[in-house]
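Subject: Structure handover, salt bridges

Hi,

Here is the structure for you to look over.

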Amino acid sequence: MSDIAVKKFNSILPSERRNSCIKKGTMKVMLDPPNDENLHTIQSVSRSNGSIASKVSCGGLSGHFEAPADPIAQEIEYIPSEDLTPIGDVEKSLLTLLHRLDSKEWLTVLEALNHVRQLSIFNASEMVDILNAVVSLVIKAMKNPRSALCKTAIMTSADLLKAYSDQLLETFDPLLLLKASQDKKFVCEEAERALFGMTTWITPNPLLQKLEPYVTHRNPRVRAKAAICVSKSVSRLGVHGIKDYGLEPLIQLAAAQVNDQLPEAREAARKLVFELHGAYKQITPSNEEPDVNATLYQPDGWEQYCASILAPTAAHAILRITCNGSSISPS
């Protein structure tokens, strides 16, 4: 090529030269579209090393192009309790359960949590010996910042509470109350389900003793969840259960919430007041009770009773609810 021809070629803009090459077909780059066969291969490679290998044809030469590696999106399946099935090898699972629950690999912990759920439903008696250790590790998983692990741990706690009920009272932890009061909606909703389920699975009298301190918690959301749980538990006590527990402390619990800043706490307190007022009207004093108590359970003594155990403002709030009871549903 002469010097003049070289100068003319060099004077052509790079874009024009590129277009000229493409038109002449000197280089063609093509990514094969994913068909049924290579789509399976792509998915397999993606799962194994986090990148997709695509075939590249360049001027008749075949090679591979490695796409930038992206983090693998883990798809977590949250299995409802009713859809869980028994574990095949229970003995083997139990032998390694505590080690797996305490693993540093979160997917290993996740699998172990689901095994705890299966065992609590189908093999509860076989997990009793390690139950306290299991509960401690489930609580640890609930504190994990990874939402998927936290939610699965909450689901696990619900299955444990349902299976072992009163056996877990000694290991009661307020963490469910805290999780039900946080901002992550799908975690919050799961914790609520576990909390409200707990009020039906655990004997109300001892559960109320555990819940009492949280009705006056500094976090208003925690107070609200605790107030709802207290209301649900008291509704299971019945008249005699309320009398045995003590009408006075229960009314004081309700009075602490009737003017709370959150509407759900106030509504729970209203329901509790109706429950207690109804029980009050049915309670009759025994001959062995002191005279001062004998007058409290008269039909016209409700106002006097509230005034005797509450501050004036709190008593007024309670009486206002029962006086307007016809316009508010207790259910």
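Below is what the search for salt bridges turned up.

This is a predicted model: local features need pLDDT of at least 70, side-chain atom pairs count only at pLDDT 80 or more, and totals for chains, interfaces and linings use all residues. Residues are numbered from 1 along each chain as its sequence is written, and side-chain values use heavy atoms, with hydrogens and water left out.

The whole structure holds eight salt bridges (a side-chain nitrogen of Lys or Arg within 4 Å of a carboxyl oxygen of Asp or Glu). One of them pairs Arg117 with Asp159, with 2.6 Å between the closest N and O atoms. This pair links distant parts of the chain: Arg117 sits in helix 5 (residues 106-122) and Asp159 in helix 7 (residues 147-164), 42 residues apart. Helices here are DSSP runs (H or I, at least four residues), numbered from the N terminus. Arg117 is buried at 1% relative accessible area. Asp159 is buried too, at 6%. The cut-offs: buried is under 20% relative accessible area, exposed over 50%, partly exposed in between (1.4 Å probe, protein chains only).

Next, Glu264 and Lys225. Their closest N and O atoms are 3.4 Å apart. Glu264 is partly exposed at 33%, whereas Lys225 is buried at 5%.

Finally, Glu267 bridges to Arg270 at 3.5 Å, N to O. They lie three residues apart in helix 13, so about one helical turn separates them.

Best wishes

Definitions and conventions:
Helix = DSSP H or I, 4+ residues; strand = E, 2+ residues; numbered from the N terminus.
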